[in-house]
Amino acid sequence: MEDKIRKFMYGRYGPDELYKFEFILYIITLFIGIFFKSKVLSIVQLLLVISILYRPMSKKIYKRSNENQKFLKLKKAISRQFLNIKRNIQDKDHIYKKCHKCKTTLKLPLPSKKGIKHAKCPHCGNRVTFLTLKYQKIEIIKK
Ligand SMILES: [Zn+2]
């Protein structure tokens, strides 16, 4: 039986990151479907099932690999948007803020009292608005 599966899968693309994502998304839509009945959701589920079944079986490996690369690129771009939020939750002593002019991520000292303060971006000189009172050196995290 295992041998038959191996022979069948030979030359086929197989599961990848996009496959895993689609699978998780499908499970989520199943749970949402318990509470909300919707035609749009049903169509999304159907499309997900088709993709989940078709993509790993596909023999067009190059095409499927390209789809996966596009997905990984998009995933990286989205997760980068939430990086400073994650840093702000994890680091209790600093505020991470992006300079809107040069897109540099700044590591700013945490305020000891509430109040709107301004800092000068060490990279481009742009004024960055943030909350702080303590004086600490502003560090550049990423240019
Ligand atoms: Zn700047």
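Start by selecting Glu-67 in this predicted model: at 29% relative accessibility, Glu-67 counts as partly exposed. Arg-64 is buried, with a relative accessibility of 5%. Both residues sit in helix H4, three residues apart, which is about one helical turn.

How are the two rings of Phe-21 and Phe-71 placed? Their centres are 5.0 Å apart and their planes meet at 40°, so the pair is tilted. Phe-71 is buried at 12% relative accessibility, while Phe-21 is partly exposed at 41%.

Next, look along helix H2 for Lys-20 and Glu-17, three residues apart. Their side chains form a salt bridge of 3.3 Å, N to O. Lys-20 is partly exposed at 47%, and Glu-17 is partly exposed at 32%.

Move on to helix H1 (residues 2–9), where Arg-6 and Asp-3 are about one helical turn apart. They form a salt bridge too, with the closest N and O atoms 3.9 Å apart. Here Arg-6 is exposed at 52% and Asp-3 partly exposed at 46%.

For a last stop, select Lys-76, Arg-80, Lys-98 and Lys-103, which gather in a surface patch of positive charge. Arg-80 brings you back to helix H4 (residues 61–81).

Conventions. Residues numbered from 1 in each chain as written. Predicted model: local features only at pLDDT ≥ 70, side-chain atom pairs only at ≥ 80, totals over all residues. Heavy atoms only, no water. Patch = residues over 30% accessible without salt bridge, like charges linked within 9 Å, V, L, I, M, F, W, Y side chains within 5 Å. Areas by Shrake-Rupley, 256 points an atom, 1.4 Å probe, with all protein chains shown as cover. Salt bridge = Lys/Arg side-chain N within 4 Å of Asp/Glu carboxyl O. Lys, Arg positive; Asp, Glu negative; His and termini not counted. Charge placed at Lys NZ, Arg CZ, Asp CG, Glu CD. Helix = DSSP H or I, 4+ residues; strand = E, 2+ residues; numbered from the N terminus. Phe/Tyr/Trp six-rings, centres within 6.5 Å; stacked < 30°, edge-to-face > 60°. Buried < 20%, exposed > 50% of the residue type's maximum accessible area, 1.4 Å probe, protein only.
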